[in-house]
Every structure is written in structure tokens, then in C-alpha cells.
Amino acid sequence: MIAKKGKRKITYQGHNFYWFIRRNDKGIPRIHILSEDKHIRIERPMFDTEVPVGSLYIRQLLEKYFTEQN
């Protein structure tokens with residue numbers, strides 16, 4: 001299980017994912033997306049730190065990930 005505190009939940013293709021933004025050791029914000037069972041872990045740089053990240057953008061990242069896997 002994933003600790004859900006501080007994370008946002010999105011359901012994509014019937015599966016729950018949790019996402020959050022955390023800065024790396026260089027202070028650069030990165031988007032992290034985890035499947036509920038932790039088998040899928042996606043980490044991407046933020047496109048633009050001035051634009052808020054929402055569920056639509058997270059859904060696009062998930063679509064891209066699953067497209068690249070096939």
C-alpha cells in the first residue's frame with residue numbers, strides 16, 4: 001500500500017494511481033506517479049513550473065507511458 005497523505009488520486013483505465021510533486025536534490029520539481037500496487041512508477045520533470053499540474057496533465061502522462069509500453 002501507498003501512504004496517501006499528501007498525494008492526489010486519479011483513476012485511469014480502472015486502476016488507481018497516486019501522484020505528487022517533489023523536488024529532487026537539485027531543487028527541481030518532479031512529478032511522481034505510482035500505481036496502487038507500486039508496480040508502476042513514473043517520474044517526469046514538470047513542463048512549466050508556472051502552470052499548475054492537474055488531473056488532465058497526469059492523465060496525458062499515463063497515456064504516454066502506456067503507449068510507450070506497447
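Two rings of Phe, Tyr or Trp (its six-membered ring) count as a pair if their centres lie within 6.5 Å. With that in mind, welcome to this predicted model, where a search of the whole structure finds three aromatic pairs.

**Aromatic rings**

One of these pairs joins tyrosine 12 and phenylalanine 66, and their rings are stacked, 5.8 Å centre to centre with 15° between the planes. Tyrosine 12 belongs to strand β1 and phenylalanine 66 to helix α1, so this pair ties together parts that are 54 residues apart in sequence. Phenylalanine 66 also pairs with tyrosine 65: their ring centres are 5.2 Å apart and their planes stand at 80°, so this pair is edge-to-face. Ring pairs link Tyr12, Phe17, Tyr65 and Phe66 into a cluster.

How exposed or buried are these residues? Tyrosine 12 counts as buried at 8% relative accessibility, and tyrosine 65 is buried too, with a relative accessible area of 16%. Phenylalanine 66, at 24%, is partly exposed.

**Charges over rings**

| Charged residue | Ring | Distance to ring centre |
|---|---|---|
| Lysine 7 | Phenylalanine 20 | 5.0 Å |
| Arginine 8 | Tryptophan 19 | 4.9 Å |

**The nonpolar core**

Which residues touch the most other members of the largest nonpolar core? Of its 13 residues, they are Ile10, Phe17, Ile31, Ile33, Ile42, Ile58 and Leu62. The elements β1, β2, β3 and α1 each give two or more residues to this core, and α1 supplies the largest share, with four residues. Leaving aside neighbours within four places in sequence, isoleucine 42 is in contact with Ile31, His32, Ile33, Leu62 and Tyr65.

Serine 35 lies in strand β3 and counts as buried at 5% relative accessibility. With neighbours within four places in sequence again set aside, serine 35 is in contact with Ile2, Asn16, Phe17 and Ile40.

**Two loops to look at**

Glutamine 13 sits in the loop between β1 (8–12) and β2 (15–23). This residue has a positive phi of about 50° although it is not a glycine, and it counts as exposed at 57% relative accessibility. Lysine 38, in the loop between β3 (29–35) and β4 (41–45), has a positive phi of about 65°, although it is not a glycine either. Lysine 38 is partly exposed, with a relative accessible area of 38%.

**Confidence**

The mean pLDDT of the protein chain is 91, and 100% of its residues reach 70 or more.

How values were computed. Residues are numbered from 1 along each chain as its sequence is written. This is a predicted model: local features need pLDDT of at least 70, side-chain atom pairs count only at pLDDT 80 or more; totals for chains, interfaces and linings use all residues. Side-chain values use heavy atoms; hydrogens and water are left out. Buried means under 20% relative accessible area, exposed over 50%, partly exposed in between (1.4 Å probe, protein chains only). pLDDT is the predictor's confidence in each residue, from 0 to 100. A nonpolar core is a set of buried Ala, Val, Leu, Ile, Met, Phe, Trp, Tyr and Cys residues joined through side-chain atoms within 4.5 Å. Contact means heavy atoms within 4.5 Å. Rings of Phe, Tyr and Trp (its six-membered ring) pair if their centres lie within 6.5 Å; planes under 30 degrees apart count as stacked, over 60 as edge-to-face and the rest as tilted. A charge sits over a ring if NZ of Lys or CZ of Arg is within 6 Å of the ring centre and within 35 degrees of the ring normal.
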